Amino acid sequence: TLLATCGPGDGVGEIALLHRVRRTATVVANTTVDGYSIESSDFLDAVAGFDASTVAERIATARLERSRMPTSV
């Protein structure tokens, strides 16, 4: 089920990093992608500021909610 289309500068995998769980989705690229990985502890350090961590948590929560919504075919 297609949940979203990402573009330049978008990230994926923040739910797993924030909640220290297995990934919640599979990503398929339609074009060449420069991908980077980051350890959970490094990611959490990067978003440790109150504002950044609040925004990251909102994004993760919104994506979790969207993944639970039924989709029409």
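The model is predicted, so local features need pLDDT of at least 70 and side-chain atom pairs count only at pLDDT 80 or more, while totals for chains, interfaces and linings use all residues. Residues are numbered from 1 along each chain as its sequence is written, and side-chain values use heavy atoms, with hydrogens and water left out.

**Confidence**
- The protein has a mean pLDDT (the predictor's confidence in each residue, from 0 to 100) of 80, and 86% of its residues reach 70 or more.
- Among the elements, where helices are DSSP runs of H or I with at least four residues, numbered from the N terminus, helix 1 has the highest mean pLDDT (83) and helix 2 (residues 40–46) the lowest (76).

- Leucine 18 is in contact (heavy atoms within 4.5 Å) with Phe43, Leu44, Ala56, Glu57 and Ala60, not counting residues up to four places away in sequence.

**Helices at the largest pocket**
- Helix 1 (14–19) and helix 3 (50–68) each supply at least two residues of the lining of the largest pocket, and the largest share, 4 residues, comes from helix 1; a pocket is an open set of points on a 1 Å grid over the protein atoms alone, where a 1.4 Å probe fits, with protein on both sides within 12 Å along at least five of seven lines, and lining residues have an atom within 4 Å of a point.
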